[in-house]
Amino acid sequence: MSTQQDPFDPGKAAKFLLRHGHTAKLGLTYRDHGKNWVDLELPWREDLVGEIDREILASGPIISLLDMASGLSIWTSHGSFVAIATLDLRVDYQRPARPRSAVIAHVECYKLTKSAAFVRGIAHDGDPDDTVATMSGVFMSIEGANRNVGQ
C-alpha cells in the first residue's frame with residue numbers, strides 16, 4: 001500500500017533547514033517561492049563583512065546563500081526532497097552589495113533530468129534590476145539518499 005505525500009513545501013522545509021548548521025550561522029531566512037523558484041535573504045551582520053572599512057558583506061556568505069536557494073528551488077521544482085550534490089556553481093559579481101545591506105537571492109530551477117538539475121539566479125540588495133551577482137549551477141541527484149523533509 002503506497003501513501004500519498006504532500007508536495008515539497010520550501011517554506012516548511014526552511015523552518016528546519018535554515019535553523020541548523022552553516023545556514024543557521026549565516027542567519028539565512030526564507031522569503032517566498034513559486035513552482036520552481038525560491039527567494040532567501042542573507043542579513044547584513046558585522047561578522048559577515050568582507051571589507052570592514054566599507055561594511056560590505058563578504059562573497060562567501062553570498063555564495064552560500066545562492067547555493068541554499070538553489071537546493072530549495074530544485075526540491076520545489078521536483079516536488080519532493082531528493083539528495084543532491086553541487087557539481088558546478090558559477091557566480092559572476094557585478095558589484096559589491098551596498099554597505100550594511102542584506103542580500104536577497106532569487107533562484108529558479110529551469111530544467112530537471114533524471115540525474116541532474118539546472119539552476120540560474122541573481123543576488124541583489126533591494127532592486128532585482130541592479131544585481132550584485134548572477135549565478136548558474138548544475139546539481140546531481142544522489143540515488144537512495146532521499147528523506148521526508150518539508151513535506
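Reader: Which residues of helix α1 (residues 10-17) are buried?

Author: The model is predicted: local features need pLDDT of at least 70, side-chain atom pairs count only at pLDDT 80 or more, and totals for chains, interfaces and linings use all residues. Numbering runs from 1 along each chain as its sequence is written, and side-chain values use heavy atoms, leaving out hydrogens and water. Buried means under 20% relative accessible area, exposed over 50%, partly exposed in between (1.4 Å probe, protein chains only). In α1 the buried residues are Pro10, Gly11, Ala13, Ala14 and Leu17.

Reader: Which elements do the buried residues of α1 pack against?

Author: Helices (H or I, at least four residues) and strands (E, at least two) are DSSP runs, numbered from the N terminus. Contact means heavy atoms within 4.5 Å. The buried residues of α1 pack against α2 (21-26), β1 (29-33), β2 (37-42) and α3 (59-78).

Reader: At the start of α1, which backbone nitrogen does a side-chain oxygen of aspartate 9 reach?

Author: A polar contact is a pair of N or O atoms within 3.5 Å; within protein, one must be able to donate a hydrogen and the other to accept it, and residues adjacent in sequence count only if both atoms are side-chain atoms. The aspartate 9 oxygen comes to within 2.8 Å of the backbone nitrogen of glycine 11.

Reader: In β2, which residue is the bridge partner of threonine 29?

Author: Two strands pair if DSSP finds at least two bridges between them. β1 and β2 pair in the antiparallel sense over four bridges. A hairpin of three residues joins β1 to β2. The partner of threonine 29 is glutamate 41.

Reader: Is threonine 76 buried or exposed, and what is its relative accessible area?

Author: Threonine 76 is in helix α3. Leaving aside neighbours within four places in sequence, threonine 76 has contacts that include Phe8, Pro10, His33 and Val38. Threonine 76 is buried, with a relative accessible area of 10%.

Reader: What radius of gyration does the protein chain have?

Author: The radius of gyration is taken over C-alpha atoms, and the globule rule is 2.2 Å times the number of residues to the power 0.38. For 151 residues, a compact globule would come near 15 Å. The protein chain agrees, with 15 Å.
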